[in-house]
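Hi,

Here is the structure I promised to send over.

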Number of protein chains: 2
Amino acid sequence: MASPGSGFWSFGSEDGSGDPENPGTARAWCQVAQKFTGGIGNKLCALLYGDSEKPAESGGSVTSRAATRKVACTCDQKPCSCPKGDVNYALLHATDLLPACEGERPTLAFLQDVMNILLQYVVKSFDRSTKVIDFHYPNELLQEYNWELADQPQNLEEILTHCQTTLKYAIKTGHPRYFNQLSTGLDMVGLAADWLTSTANTNMFTYEIAPVFVLLEYVTLKKMREIIGWPGGSGDGIFSPGGAISNMYAMLIARYKMFPEVKEKGMAAVPRLIAFTSEHSHFSLKKGAAALGIGTDSVILIKCDERGKMIPSDLERRILEVKQKGFVPFLVSATAGTTVYGAFDPLLAVADICKKYKIWMHVDAAWGGGLLMSRKHKWKLNGVERANSVTWNPHKMMGVPLQCSALLVREEGLMQSCNQMHASYLFQQDKHYDLSYDTGDKALQCGRHVDVFKLWLMWRAKGTTGFEAHIDKCLELAEYLYNIIKNREGYEMVFDGKPQHTNVCFWFVPPSLRVLEDNEERMSRLSKVAPVIKARMMEYGTTMVSYQPLGDKVNFFRMVISNPAATHQDIDFLIEEIERLGQDL
Amino acid sequence: MASPGSGFWSFGSEDGSGDPENPGTARAWCQVAQKFTGGIGNKLCALLYGDSEKPAESGGSVTSRAATRKVACTCDQKPCSCPKGDVNYALLHATDLLPACEGERPTLAFLQDVMNILLQYVVKSFDRSTKVIDFHYPNELLQEYNWELADQPQNLEEILTHCQTTLKYAIKTGHPRYFNQLSTGLDMVGLAADWLTSTANTNMFTYEIAPVFVLLEYVTLKKMREIIGWPGGSGDGIFSPGGAISNMYAMLIARYKMFPEVKEKGMAAVPRLIAFTSEHSHFSLKKGAAALGIGTDSVILIKCDERGKMIPSDLERRILEVKQKGFVPFLVSATAGTTVYGAFDPLLAVADICKKYKIWMHVDAAWGGGLLMSRKHKWKLNGVERANSVTWNPHKMMGVPLQCSALLVREEGLMQSCNQMHASYLFQQDKHYDLSYDTGDKALQCGRHVDVFKLWLMWRAKGTTGFEAHIDKCLELAEYLYNIIKNREGYEMVFDGKPQHTNVCFWFVPPSLRVLEDNEERMSRLSKVAPVIKARMMEYGTTMVSYQPLGDKVNFFRMVISNPAATHQDIDFLIEEIERLGQDL
């Protein structure tokens, strides 16, 4: 179907599939479309003919439409007007793409074809009739395809096939029924921004090589600090590679603030330092303490109430205990939105205690920070404005693509003095612009990925009110789920009361267990229910939701909703699916 | 020009610019093209008419072509066949995109238009007639455009304009004359892979949600270990957010290997630990030591020879000195490819010393690791196979888009035991698949960005031989530059001899300084030359190269070549440009 004589650099699909509803018109247009450049013909045909590939759902082999495309013209006129012999992707290699001489057109064609594959995936991601996951066990997946690296190059036909295959086995994290993690969903503006970020391919360490992104980080962090409630948005901050690193940075800065000599002298020069966080807090606090040479034994886990909130009186008791031993309390990390229960520690009470004992107050709002965007829900973080530092991950509740985690610090300049090493090859003191915009010495990282643009562009596209609407909707869906299951046969709530965040924690009790007494045998059998249902979910590929044990509570489901695609019907579906898959257990 | 009656969802450009060479044919085709979907019409027109925007070069206002596009049809037939009233981007918002009901077509159109903007940027990036940078001072750039975040959403017309504006002020890091950092260039397959990574939007912590990427990380790290020379590629590793973090992870693991109790007890439980690295090594070693509670005073900088290589006898002397004081040497970090000189420490001699004194040997090959891909140059890393850990950043010499940094560890299992915290909500022990594929407990990070796919896909596309060809070419270009300037009037080399890596370090001495005696005044004046030339380069936007002082050497240029687009002419251009901009100083 290629038209070598058309004067255009054209592609021909050898795939003869047709649109059953309107074959004539579609085919006619498609023939016209084939005269156009850059894979456009195929894209049009795909839209007109419908998608004839369906690799993810049919489970069949990946027969690449791209593989059969032909590419004509290697002349040097732009746009060319002369016909040339056919060349197909099987004869093109990476070396034929830009910056190769004459590489512009094959590059545009190749990137457009990649884009078509991506667009198809995007559309499928939101289609409830497709699977969330086409699950294969690791050994199966290793054998299903040749993933090995070799000495010799592969042609672009093979490269396009790899892209399709990779997506065939990927989890559709934007699928309306994907609830497995705190980060779910696929935002279209965020995605576009991430593509742009990749294309700009730069590094955050200096204004010199990332002027716009550095300014946008400045603007965005300032806005986030305003929302936290620090006067005029003053303070400091940085985007870091995830909440665990943000929390570690906070611990690092808190230690430095109290004992600046630790930077040169190490922990040997300071007394034993103790950090406090709740027993429901994220494990990154312990990881950070282990890394920082503080040791996990020096992280004291404060008791929580039945809803997973830190008990302030226990915090104060433990602080006094530690002081009596001659140790130095240096950090309290309160959690705003715990990972499993979605609990919000009482920040005002924690702030009072931190003030009383002069301890750095950190708030890990990686998961709960998003609620600050909602006028209805932000009261749950009352007191956050009194924190010395805050971790807030827009890649969780705000739906920004991964990764996007901010650490906000109230005192300006502390990050810089804690981390700076004055590398003269990067932070030349005689540059011709204002050096305060070079951010590379504020953190442990030297090079730093551009994580801000997707958040900034989404914020422009949605406005604060758009994030608010998203968050209010997710919380409303969580309450909807809670209301359905709280009195439904076969369900037991892990804790009472309506959810504070979107976390809804529950056991599904299969009929065979409902008649049993509440003893160890029942617990033991109940602990096996969620893993089996989850395994079945993944094998059917219909939905994904997380489960875990916690303390003395055996495996229960933790439903979370951050997915903008989720609707009431998807919640209904989840319930039906759990019941379908767990009925016989 | 929109064709509401065509039965297609169509765009019309109101921009009347034409192709002067072939106006009739182009316009005719363009009119046909306008009938097609998803921004394709405009893409075709841009190709036919030529690029009439040139925002980056003209310095003019960003008049968005996208802004004037019209979008027709809001019907619910797919593909639709009925005409509807025009809707333009000014009336569309993020809420009209997927997962919105009927969001598929506006989404495809919007993403395609973003893509067109990106493709235009890609093409310009490689065009030597465009500027590398359209430089603005921070305050200027803040005022030039409204970057602020607001409560209310903006429409998609504005969002597309933001994309264009962001790229207008971006540094073209793929430009053939961009030499400013160790990471330069824009690889087309790597870019495609990064777009796919963004679209898949997942997290590396478990196989469950990133099956393919987790396997590809396994395959790729194993291959890298084979190349390092560990038997059968055995060992461990992870992709981390940059070389500084990889180096810190190595230090963390080395400490844990010697004193596993440090994880629980902290540095208080262990003797004073000392790390050794050369005075030319990367500052991240000191940053890591500061963070880990070891302290920068416990990082001893070993003397280098005139080429920047660590002197083994000085290393041994300092180790003995430290041991005599009762301190414990626990880590030597040798550098394979220093940041400024590109020097390779003598790894075999360092390995002998580490073996003798039972010290963990780390090799920071962030910059030099790429040379392992070249049969001609890999001898420079002889001895790397004796290291306990290696940092290797494919985002530097191998041209993989940012970020892509690997830490390789010879002993398997150590990373896991050093960092694991057994978070039950992620690493459930009763999952139905082989848990050894869950990587989230191997590092400090919890969530982890997918950095492997771009390296893997590039490796498939180029083969090891393709990376080899790239590296050999860059080293040949560095030698070409060295040969031109070593005896050229007005140049002084910072060190003698041909470059071992692509780093070429030199002073340009303007005519007015050539007549001066070699005294302090000359040094003082010479130190101001490179900053002025660099500032002028950026203002003209013609090229970018780095400079810095080092030790007692005043500001000199550090040329590095990792850009696959660079050619001999670009090297010639750089020399001419330095002379043009520095002649009057």
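A:Asn180 sits in the loop between strand S3 (178-179) and helix H7 (188-200) of chain A; helices (H or I, at least four residues) and strands (E, at least two) are DSSP runs, numbered from the N terminus. This is a predicted model, in which local features need pLDDT of at least 70 and side-chain atom pairs count only at pLDDT 80 or more, while totals for chains, interfaces and linings use all residues. Residues are numbered from 1 along each chain as its sequence is written, chains are lettered from A and ligands numbered from 1 in the order in which they are written, and side-chain values use heavy atoms, with hydrogens and water left out.

Back to A:Asn180: it counts as buried, at 1% relative accessibility (buried means under 20% relative accessible area, exposed over 50%, partly exposed in between, with a 1.4 Å probe and protein chains only). Leaving aside residues up to four places away in sequence, A:Asn180 touches residues of both chains, including A:Lys534, A:Arg558, B:Glu208 and B:Ile209 (contact means heavy atoms within 4.5 Å).

UniProt lists A:Lys396 under "modified residue: N6-(pyridoxal phosphate)lysine"; UniProt positions are given in the numbering used here, feature names are shortened, and annotations may be inferred rather than shown by experiment. A:Lys396 is in the loop between strand S9 (389-392) and strand S10 (405-409) of chain A, and is buried at a relative accessible area of 16%. Not counting residues up to four places away in sequence, A:Lys396 touches A:Leu182, A:Ser183, A:Ala366, A:Trp367 and A:Ser562.

The loop between S9 and S10 of chain A also holds A:Gln403, and the peptide bond joining A:Leu402 and A:Gln403 is cis, with omega about -5°. In chain B, the bond from B:Leu402 to B:Gln403 is cis as well, with omega near -5°. For context, most peptide bonds are trans, and most residues other than glycine have a negative phi. A:Asn201 has a positive phi, near 40°, and is buried at 9% relative accessibility. A:His422 has a positive phi of about 55°, but this residue is exposed, with a relative accessible area of 52%.

Now the two chains. Chain B can be laid on chain A with an RMSD of 0.0 Å by a turn of 180° and a shift of 0.0 Å along the axis (superposed by least squares on the C-alpha atoms of residues with pLDDT of at least 70 in both). The two copies are thus related as by a two-fold rotation axis. B:Leu292 comes closest to that axis among the residues of chain B, at 2.0 Å (C-alpha). The copies meet through the same surface, because 100% of the interface residues of chain B are also interface residues in chain A.

Cheers
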